[in-house]
Every structure is written in structure tokens, then in C-alpha cells.
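The sequence and the model are shown first.

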Amino acid sequence: GLQNLRPELRLSPSVARMFEWSPYLEPGVDTGSVAVLPLHNAASSSFNLVMETLYVDTKEPFPKLQPSAGVERTSESGWESFLAKHAGRTKVGTDLGQSTPEEVSESVWDAVDEFLCSQRCDKAYDVVVVGGGVSGLYAAWRLKGEAPALKVAVVEATERTGGRLFSVQLPGMPDLSADVGGMHYLSDTESMLNAWLVDDLFKMASQPFQQNTTDPKSSTFLRNTHLSADKVADLAAIRKLYHFSDSEAKNFSGRSGIYSRVFEQTIPEFHKPDVDFWSASAASGRKLYDMTRQDLLDLASVSGELEAFLADTIGYNKGDYGAQSAACFVDLYTTFFLTNASFRVPTGGMEALTKRLRKEFVALGGDVYTGSPVRALSKCSGTTLPNHTHSLLVEEVDGTPASVFCSRKVVLALPLHALSSLWWRALGTDTAWRGVGASTAFKLFLGFDRPWWREAPFGFHEGAEVSTLGIQHTYLIGSQADYPDTNSSPPWNANSLVLATYSNSVDSLRWQNMDADEANLSMFRGLPNKFVTPGTELVPNVTGTKVSQLMVDIAMHQLEQLHAVEAGSLPRPYTAVAKSWPQSWHHWRNGVNPTEVLAKVSQLDTGSDVYICGEAYSKSQGWAEGALRSSEYILETYFHLKPLPGMPTKWLKHYASPS
């Protein structure tokens with residue numbers, strides 16, 4: 001059809017293949033007047049001429065999906081009524097995450113499909129991206145940028161986009177960001193998509209994330225003992241607390257040195273250039289993905305005391321390690337902790353990246369819907385909707401009537417818990433997507449009227465601190481006094497920010513249970529501050545987690561323990577913000593081969609044009625980098641996009657392959 005429009009082009013088969021996207025070609029449609037998705041970055045003049053043909057000469061770039069007639073939704077015919085009607089045929093109520101495939105019968109799935117495909121189509125798109133986090137916004141921006149004629153929408157369940165990149169500006173500190181989600185990115189523009197986007201492509205302002213370093217004089221608290229950070233690598237000091245063997249003491253070289261030795265002893269390919277830990281085997285012959293971190297430590301004959309030292313000084317509750325595969329642990333640890341990695345954060349916090357992606361997407365003509373949780377999804381054929389169309393039911397929220405989106409293709413840019421609540425046949429009949437687990441996490445930021453840690457008796461600068469107290473990780477973020485552009489004349493604003501606790505697993509649950517609403521506790525109201533306008537809310541309620549007075553009191557008590565000072569001697573905070581994450585980051589379960597599962601999960605149902613991406617289903621779990629890579633993988637694999645000029649692509653080499 002394109003050749004007929006411009007016969008002088010003499011399109012070669014390779015160029016012609018760049019325009020294939022067959023689901024747009026409906027039976028009976030004259031393909032001579034139909035434009036299909038062009039791929040990126042053809043250098044030839046032929047490509048430019050065809051682009052002109054696609055977007056100028058043809059009046060209808062795609063066979064249009066239109067809002068359609070169908071069942072009028074009422075309280076008696078809506079989704080909740082449908083679920084109630086079929087409650088006796090399934091054991092799981094409204095959440096597939098608690099089910100097994102046998103617990104939802106085929107007849108129920110048939111009824112779900114029939115229900116959705118008989119509904120009136122309210123909004124029609126070529127691509128609907130479900131999920132407004134970094135992976136979803138990135139996918140939508142890339143698609144719209146490659147094919148401006150595409151109708152693309154992002155549909156987000158919550159009232160904000162950004163997902164787990166969530167930056168809060170607390171009152172009185174305009175230049176400091178409380179990143180209650182992701183905090184930083186690895187500043188390697190040659191291998192990391194995140195760094196390339198922020199630093200090279202968008203050229204966003206950013207600064208070093210100094211808090212990932214540790215001042216030798218800063219505090220550590222291990223086994224009820226206060227130590228300065230430089231003592232953590234001091235054998236004499238550590239052996240008073242951890243009673244490992246003489247042979248282990250002889251080779252003691254700090255946490256990173258110990259892990260390096262463990263990996264060298266247990267992974268024959270450890271020093272091989274470009275080693276792929278996801279397919280590598282241990283010395284025992286077992287694949288790393290079929291082992292846990294503890295298996296590797298046992299293989300290296302690491303004693304319980306030395307293992308306790310490793311767990312305590314990394315600052316995360318080791319309860320999360322039990323189900324995590326060794327491949328996952330080794331790959332992340334070597335990438336982010338055993339290199340001379342430097343980290344950065346965009347000005348305004350990590351959410352600045354998702355705000356930029358959304359801005360670029362909307363500027364291209366994309367649509368964003370927030371407060372719109374998608375509850376069910378079906379592929380429809382021969383119903384009120386055209387063939388190859390997917391019907392997505394958006395749940396009624398706060399009195400807003402439920403609506404149905406219809407779309408040619410669907411991207412599910414969702415974490416595990418969101419997939420668990422989506423009624424889609426493929427999720428109910430295939431268990432591959434359950435090969436990941438999730439960790440809980442909690443963050444509490446406190447704002448002070450000065451950077452007390454720079455004063456006597458402390459005298460150290462920003463950085464990370466670790467303890468076996470309930471606060472686990474503490475980050476001394478910085479002071480408003482360090483920003484002369486907004487602090488150029490008296491009175492000097494020295495308001496300062498501390499991430500008092502960054503905890504996970506069981507420790508995070510303790511903090512979550514102190515939520516003012518959940519536990520019926522008194523709210524923390526804050527204190528007056530001369531750089532905060534009277535009447536301003538001192539403790540912003542923007543994250544869904546309400547800071548209680550008890551939460552602040554316990555955090556302050558443990559900060560004083562960490563820094564070996566008397567109770568009540570540290571200044572009291574004037575502001576605070578907290579965030580509970582029931583599922584903060586994900587990990588591959590041991591026994592799961594991610595390279596195979598990624599290829600399967602990304603298109604769980606090969607008969608539908610529905611694709612799954614996100615941090616949960618990546619090889620850089622726990623990082624925005626994983627979300628971006630997962631999204632780029634499905635865009636290149638299924639939408640046939642080409643990498644943008646200069647984009648890092650080395651990571652794709654071993655990313656995913658079917659069994």
C-alpha cells in the first residue's frame with residue numbers, strides 16, 4: 001500500500017519491514033490508505049518521503065477506533081455486581097493475587113470476556129499504557145515520539161503519576177528533596193538508561209548524591225555498641241562484637257572485601273569479562289538463579305558470625321534474602337556496591353524524571369488519566385468492538401462513573417501488587433508472572449532548623465549511617481545553608497533534612513504500624529520555624545502515610561542512640577514526612593530463570609497484543625534503571641522501535657530469551 005502511494009520510492013523489503021504492524025490492518029480495509037507504525041531512525045531519504053506520505057497525504061492514519069454502542073452501565077450492571085454474581089464460582093473474591101489457576105474456572109473467564117466486550121467503549125486509543133510510573137511514562141513517550149499519529153494514553157490508578165519515584169519538598173527547604181521512593185541513579189551514561197536520559201538526552205540539572213558516601217567520623221551502631229564508621233573495617237574493633245574464626249579474621253577485609261572473596265570462591269566465571277550472572281553457575285554446578293545468597297555463603301564456608309556481620313553492615317533486614325535468588329543478589333551487588341560507582345540525583349528529586357517524561361509526552365499530544373484504576377482487561381472479537389481490540393474497565397472512583405477504554409495494544413507497566421488485582425485471563429491461567437517476590441519498606445524524613453551533625457561533638461558531613469536499631473539506614477541529606485542562590489542574605493536559612501529511617505522487611509512493618517490513622521495515634525504537628533510562612537502545613541499529608549508523634553519520638557530516641565548522646569540532647573524536628581511501601585522493590589525468587597521468564601512474561605498471552613514491563617520484571621530490580629530497561633525491551637521487541645541515537649544498549653545482550 002505504501003509502495004502504491006509513492007511508487008517512485010521502490011521500497012526494499014528491509015525498509016518495508018520497518019512499517020509492519022499488522023493488527024492495524026482490519027479485514028476489508030484498503031491498505032493503500034492505511035498508515036502503520038513507522039520505526040525509528042531510518043537514515044534514507046526514502047524514509048522521510050514515506051513519513052510525509054503517512055502523516056500528510058493520508059487523511060486517516062489508522063482505521064479509527066471510535067467510542068461504540070454497548071451495554072449501558074448501571075449500579076445493577078456494573079463490575080462489582082458482576083463479581084458478586086459470580087462469587088460462588090471463584091474462591092478469590094476480587095484479587096487474583098491470592099488465587100491459583102484452578103480457583104477461577106474457565107466459565108468465569110468466559111463470563112469476564114463476555115461482560116467486558118459487550119460494554120460501551122467510552123475512550124478509544126491505539127495504545128493504552130496502564131500505569132503512570134517511570135516505565136509507563138517512558139513507554140508512552142517513546143511510542144508517541146516515534147509515531148505522532150498514534151493515539152496513546154497513560155491510565156494511572158492513583159491521583160499522581162511518578163509511581164515509586166516520589167519527591168516531596170518540605171516547608172522551609174526549597175532546595176532539598178525528600179525522596180520517599182527511589183533516591184538516586186548510577187551516573188554511568190555509557191551503560192545506564194537512567195543516567196543517559198537525565199544527563200545526556202534531557203540535560204536535566206542534577207547533583208552528586210553525596211549521601212551514598214560515608215564520613216569516617218559518622219556513626220554506626222552494631223550489637224548495642226556505638227562505633228565510628230572507620231571502625232567497621234577495623235578487625236580489632238569488630239572482633240569484640242562478632243566472634244568469627246581465626247582463619248576468617250586473617251582474611252578480614254570489610255564487607256565488600258568479604259563478598260568479593262565469597263564470589264571469587266563460589267562463581268568460577270566471576271572475573272570473566274561481560275559475565276552474565278543470570279546464566280552463570282556456582283562451583284557446585286548449580287545455576288545461580290537456582291540458589292540463594294545463603295547458599296553461596298554456605299558454599300564458601302562463611303560462619304554464622306561472619307554472615308551476621310555482613311547482614312548487619314549492609315543495613316537491610318536479611319529476612320528479604322531468603323527467597324531472593326543468588327543471581328539477583330550477585331548482579332545487583334557487583335553493579336552497585338563492588339564498583340567505584342558514583343550516584344547522582346536530579347535537581348528536585350528523582351520524580352523530576354517522571355515529571356519530564358510526562359511533560360514531553362503531553363506536549364506530543366498524549367493523554368494522561370489519573371485516579372483511574374483498571375480492574376479488568378479482555379481481548380474482544382466479533383462483538384460491539386472491532387476485532388483485535390482490547391477492552392479495559394476503569395473502576396468507579398469517588399462517584400465518577402466507571403468507563404471502558406478500547407485499545408489496539410496495551411502495555412501493563414505495573415508492579416506485582418497491581419497485576420494481582422487485574423482481572424485478565426492470562427494472569428489467571430499462567431503463573432510465570434508470580435516468579436518475583438516483593439519487599440516492604442518504610443521511610444521517615446525529619447526536618448531540623450540546623451545541620452546538627454556538623455556541630456560538636458559530631459563534626460561530620462553528609463552521608464549514610466547504618467545500625468542494628470529499628471531505624472536501620474539513616475541518611476544525613478543536607479542543609480538549605482548550602483544553596484547560596486536562595487540563601488544569599490540574612491537571616492540565613494540553615495534548615496536541614498535527615499532520612500531518619502529507611503527500613504525494610506519486619507523492621508518496616510513496625511514503623512508502618514505507627515501510622516497515625518492506622519493505629520489511632522496522635523498526629524505529629526511539627527514546630528514553628530522562622531522560614532516557614534505562618535499557616536503553612538508543617539507536616540504535609542501527601543503520601544498516604546500519616547506521621548504520628550510516637551513515630552517521631554521513637555525515631556529521635558534511636559537517632560540519639562546511634563550518635564551516642566543523651567536522650568533529649570538532639571534538636572527536635574519541625575517538619576516530617578513518611579511513606580509506607582507494602583511492595584517497594586522486587587526480587588526474582590530462587591528457582592526462577594529470569595532470562596526465560598522475562599521473555600514469557602513480557603507477552604504472557606501470545607494471542608493478545610498486551611505487554612508487561614516494569615521494575616518487577618527486569619534485571620535491575622529495586623532501581624528505576626530496571627523499569628526503564630524493561631520498558632525499552634518490550635518497545636524494541638514487540639513494537640519494533642530502534643534505540644535512540646546514543647542510547648546505551650549493551651545491557652540487551654543477555655536480557656531475555658525464550659526457553
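C406 counts as buried, because its relative accessibility is 1%, under the 20% limit for that class. The model discussed here is predicted. C406 is bonded to C121, with the two sulfur atoms 1.9 Å apart, and this link is one of two disulfides found in a search of the whole structure.

**Disulfide C121–C406**

- The torsion about the S-S bond of C121 and C406 is -60°, and the link is left-handed.
- This pair connects distant parts of the chain, with C121 in the loop between α5 and β1 (123-130) and C406 in strand β13 (residues 403-413), 285 residues apart.
- C121 is buried as well, because its relative accessible area is 1%.

**Disulfide C117–C380**

- C117 and C380 are also joined by a disulfide, at an S to S distance of 2.0 Å.
- The link of C117 and C380 is left-handed, with -85° about the S-S bond.
- C117 belongs to helix α5 (residues 106-117) and C380 to strand β11 (residues 374-380), so the bond ties together parts that are 263 residues apart in sequence.
- C117 counts as buried because its relative accessibility is 5%, and C380 is buried with a relative accessible area of 0%.
- When the bonded cysteines are counted along the chain, the disulfides follow the pattern 1-3, 2-4.

**Further buried cysteines**

- C328 is buried, with a relative accessible area of 1%.
- C613 is buried too, at a relative accessible area of 0%.

**Aromatic contacts**

- The structure holds 29 aromatic pairs.
- One of them is formed by Y259 and Y333, a tilted pair with 4.7 Å from centre to centre and 50° between the planes.
- The pair links distant parts of the chain, with Y259 in helix α10 (residues 254-266) and Y333 in helix α13, 74 residues apart.
- Y259 and Y333 are both buried.
- The rings of W588 and Y617 have centres 6.3 Å apart and planes at 70°, so this pair is edge-to-face.
- W588 lies in strand β19 (residues 575-588) and Y617 in the loop between β20 (610-613) and α20, and the pair links these distant parts of the chain across 29 residues.
- Both W588 and Y617 are buried.
- One aromatic cluster is formed by Y259, F263, F270, F277, F329 and Y333.

**Second largest pocket**

- The second largest pocket holds about 890 Å³ of space.
- Its lining comprises 26 residues, and those nearest the centre are D274, V275, D331, T335 and R629.
- The elements that contribute two or more residues to this lining are α13 (326-336) and α20 (624-638).
- Helix α13 supplies the largest share of the pocket lining, four residues.
- By residue class, the pocket lining divides into eleven nonpolar, six polar and nine charged residues.

**Largest cavity**

- The count of cavities of 30 Å³ or more comes to one.
- The volume of the largest cavity is about 40 Å³.
- The cavity is lined by L598, S602, I612, Y617, S630, Y633, I634 and Y655.
- Two elements, α19 (594-602) and α20, each supply at least two residues of the cavity lining.
- The largest share of that lining, three residues, comes from α20.
- The cavity lining divides into six nonpolar residues, two polar residues and no charged residues.

**A three-stranded sheet**

- Three strands make up an open sheet in the order β5-β9-β6, with antiparallel pairing.
- Its edge strands, β5 (185-186) and β6 (206-208), each pair on one side only.
- Strand β9 (residues 343-346) pairs with β5 in the antiparallel sense over two bridges.
- Within this sheet, L186 stands opposite F343 in β9.

Definitions and conventions
Residues are numbered from 1 along each chain as its sequence is written. This is a predicted model: local features need pLDDT of at least 70, side-chain atom pairs count only at pLDDT 80 or more; totals for chains, interfaces and linings use all residues. Side-chain values use heavy atoms; hydrogens and water are left out. On a 1 Å grid over the protein atoms alone, a cavity is a set of points where a 1.4 Å probe fits but cannot get out, and a pocket is an open set with protein on both sides within 12 Å along at least five of seven lines; lining residues have an atom within 4 Å of a point. Grid points are joined across faces, edges and corners, and a volume is the space filled by probe spheres set on the points. Ala, Val, Leu, Ile, Met, Phe, Trp, Tyr, Cys and Pro count as nonpolar, Asp, Glu, Lys and Arg as charged, and the others, Gly among them, as polar. Two strands pair if DSSP finds at least two bridges between them. A disulfide is a pair of cysteine sulfur atoms within 2.5 Å. Buried means under 20% relative accessible area, exposed over 50%, partly exposed in between (1.4 Å probe, protein chains only). Rings of Phe, Tyr and Trp (its six-membered ring) pair if their centres lie within 6.5 Å; planes under 30 degrees apart count as stacked, over 60 as edge-to-face and the rest as tilted.
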